[in-house]
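Look at the chain before you read on.

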Amino acid sequence: MGTDERHNHGRAADPALSVRWTVEITGGGVAAACCDHLLTKEGADIRRPPQARAAIPALMLSDPARALLRDCLDQPSLFSDKPRITRRIVAWGGQEPVALPHQAVMLGAGDLDFAPSGNAHATGDAEWTITTTRTSPDDQLERFGDRFGETAPVRLLEADDAQACWVEAVEDGWLFMIPSGAETGWLLAIGAPCAHLLDQSRHLAPRLALDASKTAQFDTTPRMLRTMAKEGFLACGSASMAFDPICGDGTALSVRQAILVSAIAVACHEGEDAEPLLGHYRAMMTAAMRRHLRLCSEFYASGGTGPWWRAQQEALAEGFAACSARLEREPPPRYALEGFRLVPRELAT
């Protein structure tokens, strides 16, 4: 992504010449870093209250997602020094494993924690608050199913798994393994604890040794806040909207959200009416969730035939219907992104 003269609709050519304005960003992670960087480039002073954030132990970042993040942060060589994954091995629906080419990097704890901008202690009233964290326990979170996962470190027993990720469907769920080193990796189990699903595994179980003393549980259900946008407030990042890890699109989603909410804040600062822009964000995020649920449904329909798999399909179908009903209540999107800016659709090239 980038900008050129076509993307300067309604703004001064040089943000440095514009009136300074303040945006408060609460929370951390990829979405916060992208909003910080994009809005700083648009002349905003950024206020970011300090906040602790749980570190992600390991993550596989695909090359398309890395390219999106790299362009958003203006860091062309971002993560070019990280170990690479070159193969994805899939054993799905009771079939034998199939090896497919895959291009991704392996990230560890802290790799997605980016330093705030140089004006991170701005004062003054904020035109917008952008949050990447749950603002209170009472936030209404809409869940599309009820799937939890467990992670645990593993020791790799096969040398050729150091550059390969594994996916295996079993009777009560599915397993996902990503390497973190030449002989180490992380196992993700969806549907039941790691040890339980490994007992059902024909392919992954013989290839690794589980460290069951260091397991951790987390939510893997597709979900989104009921209120992601209102006057002066925008939510983005995984706390506002999260995808099932089966699609591997969580980081890219956070970046796309950050680009959109930053563009909305800029457009409003320059005098655009806020409500159509907020409606555009609500509609785009609901449409993104509906597409995700449809894709998940295809995976879960082919993964297995037991009670657990059927329950996931039913929950996904209900979620798809709920998103469709919500979209019927929203006006159609009126804007399009050109580079990192929103323009009315009739002006989009």
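This is a predicted model: local features need pLDDT of at least 70, side-chain atom pairs count only at pLDDT 80 or more; totals for chains, interfaces and linings use all residues.

Residues are numbered from 1 along each chain as its sequence is written, and side-chain values use heavy atoms, with hydrogens and water left out.

Start with the whole chain. Its secondary structure comes to six helices and 19 strands. Here helices (H or I, at least four residues) and strands (E, at least two) are DSSP runs, numbered from the N terminus. The chain has 349 residues, and 50% of them count as buried. Buried means under 20% relative accessible area, exposed over 50%, and partly exposed in between (1.4 Å probe, protein chains only). Now take contacts, meaning heavy atoms within 4.5 Å. Among those between residues at least 6 apart in sequence, 72% join residues at least 24 apart.

Next come the sheets. Strands of a sheet pair through backbone hydrogen bonds, either parallel or antiparallel. Two strands count as paired if DSSP finds at least two bridges between them. E15 and E16 (residues 233-235) run antiparallel, joined by two bridges. Lysine 230 has phenylalanine 233 in E16 as its bridge partner.

Another open sheet has three strands, in the order E7-E14-E17, with antiparallel pairing. E7 (141-143) and E17 (241-242) are the edge strands, and each pairs on one side only. Two bridges join E14 (residues 223-225) to E17. There, arginine 223 stands opposite alanine 242 in E17.

Which residues of helix H2 are buried? In H2 (residues 63-73), they are Ala65, Arg66, Leu68, Leu69, Cys72 and Leu73. They lie on the same side of H2, because they cover an arc of only 160° around the axis. That arc is taken from the directions from the helix axis to the C-beta atoms. These buried residues pack against helix H1 (29-41), strands E3 (58-62), E4 (84-91) and E5 (98-108), and H4. Just after H2, aspartate 74 takes a positive phi of about 55°.

Two single residues deserve a look. Glycine 185 sits in strand E11 (residues 184-190). At 2% relative accessibility, glycine 185 counts as buried. Leaving out residues up to four places away in sequence, glycine 185 touches Ala152, Pro153, Val154, Leu156, Ile178, Pro179 and Ser180. Glutamine 312 lies in helix H6 (residues 307-329). Glutamine 312 is buried too, with a relative accessible area of 6%.

Finish at the second largest pocket, with a volume of about 290 Å³. A pocket is an open set of points on a 1 Å grid over the protein atoms alone, where a 1.4 Å probe fits, with protein on both sides within 12 Å along at least five of seven lines; lining residues have an atom within 4 Å of a point. The volume is the space filled by probe spheres set on the points, which are joined across faces, edges and corners. This pocket is lined by 16 residues, and Arg256, Leu260, Met284, Met285 and Arg291 lie nearest its centre. Helices H4 (250-269) and H5 (274-303) and strand E18 (335-338) each give two or more residues to the lining. H5 gives the most, with five.
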